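Please examine the structure before reading on.

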Amino acid sequence: MSAFQAPTGTRDVLAPESAQFATLVARFSRAARLAGYGLVVSPMFEDAGVFRRGVGEASEVVTKEMYVFEDRSGRSLALRPEGTASVVRAFVQHRPPVPWKAWYVTPAFRYERPQAGRYRQHHQLGVEAIGTEDPDLDVEVVALLAGFYEAVGLTRVELTVNSMGDSTCMPGYRASLAAYLEAHEIELCDEHRATWSRNPLRVLDCKRPACVAVRAGAPRLSDALCGPCTEHFARFVAGLDALGIAWRRDDALVRGLDYYTRTTFEFSSLALDAAQNAVGGGGRYDGLVERLGGPAVPGVGFGSGIERVLLACAAERVAGLEGPGLDVFVVDVTGGDAARDLTSELRRAGVAADRAFDGRSLKSQLKQADRSGARLACIVGPDEEASGVVTVRWMREDAGGGDSHGRQERVERAQVAAAIAGWTR
Ligand code: HAM
């Protein structure tokens, strides 16, 4: 075993898996651009207060999972456990015109108990749209995420939605839930028996059987919504219906971060284990900008875990995420000039090309060509060099150029890059 390993709960992503990762980012970037979102890149660490105040002192992400450290000047910093609070911090700092629609791809760090689909560093694709409380924007962000899953090829994802109310109706609901939980404190799970009063809503998304049983008789969030929140939710789900996006309401969908108001939503993969089946989730956070020192401006967004989406793709056997591989492998047994020059020419012609180094034998280079997965091999030996040609060998059935595995053809050296560019296009 090597002296150092990737830290517990983290993983190295190498090719070809990394190509799937890159494909997801590319498809997401396209979906975001089509909907008018611009890329935002913000620091991976922030003043720890951004998350304490933004995500909430009572959320597990902050109390148990955040990587907090002091820098050399004694500032308290935190690795971002999620994207929203730092994107909102950037909004408050720069005050771009609203609606401000931003997308991101970022690592996120949470000190969780590592298991399949749950890591200490995971990666999120997300959007944040700040500046309007129009429920059609909620529809837009959900549609963007649903469209992304569809573009990736996932079919077994289920959307659940809910409304968490606003500052008018939520305090009353929280109080009635607290009164109920106080009366049932003894029946709660060990953790929530001690902590429910800090944030009673956390009991609603506790998965332990004790809390699930208590919840069955608890006051319902949907009964407590005020008129404007009810209307907001109605317009939201009507929009989903209009766009043909299937949804199910889950009254207990309060999500683990404390900034949510009104709309919350989550996409779960039916192909994954229930404990880690959330492939993406988000919602509205109408008080967050203000909490981080900005004006009273509402916002809505989501984050989707790249690792989870890839797990769901594997479980659904989605093909084609690895993208195009190598087109050509250049085999040169004449000293290396041909490999150097032809590889460069091919790349300039838009052909993905690689080569061997170190003057290896023909056999070794052909083996490398085979292992590379290239569709074609370009072979230059003394005979080819003397005749000013290149031998092109078809390495796979689907190699292109209208022919099959094993075919060989001698092509003029001067024409070969253009010919191959045509065949592999
Ligand atoms: P979240 O639900 O905590 O929301 O995370 C978003 C997604 O990240 C989850 O649905 C899941 O796919 C993935 N994820 C979370 N934790 C892990 C982990 N430990 N390992 C692997 N994947 C994970 C947020 O982070 C919010 N910022 C979303 C949002 C944006 N809400 C409004 N705007």
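Q: How many nonpolar, polar and charged residues does the shell around the ligand have?
A: This is a predicted model, in which local features need pLDDT of at least 70, side-chain atom pairs count only at pLDDT 80 or more, and totals for chains, interfaces and linings use all residues. Residues are numbered from 1 along each chain as its sequence is written, and side-chain values use heavy atoms, with hydrogens and water left out. Ala, Val, Leu, Ile, Met, Phe, Trp, Tyr, Cys and Pro count as nonpolar, Asp, Glu, Lys and Arg as charged, and the others, Gly among them, as polar. On that basis the shell comprises nine nonpolar, eleven polar and seven charged residues.

Q: Which strand gives the most residues to the shell around the ligand?
A: Strands here are DSSP runs (E, at least two residues), numbered from the N terminus. At least two shell residues come from each of β6 (121–130), β10 (278–284) and β11 (299–305). The largest contribution, six residues, is that of β10.

Q: How far from a nitrogen atom of the ligand does a polar side-chain atom of Glu-112 lie?
A: Glu-112 is among the residues that come nearest to the ligand, of the 27 around it (a heavy atom within 4 Å). A polar contact is a pair of N or O atoms within 3.5 Å. For Glu-112 the distance is 2.5 Å.

Q: What percentage of the ligand's exposed area does the protein bury?
A: Accessible areas come from the Shrake-Rupley method with a 1.4 Å probe. Taken alone, the ligand exposes 660 Å², and the share buried by the protein is 96%.

Note on methods:
A polar contact is a pair of N or O atoms within 3.5 Å; within protein, one must be able to donate a hydrogen and the other to accept it, and residues adjacent in sequence count only if both atoms are side-chain atoms. Helices (H or I, at least four residues) and strands (E, at least two) are DSSP runs, numbered from the N terminus.
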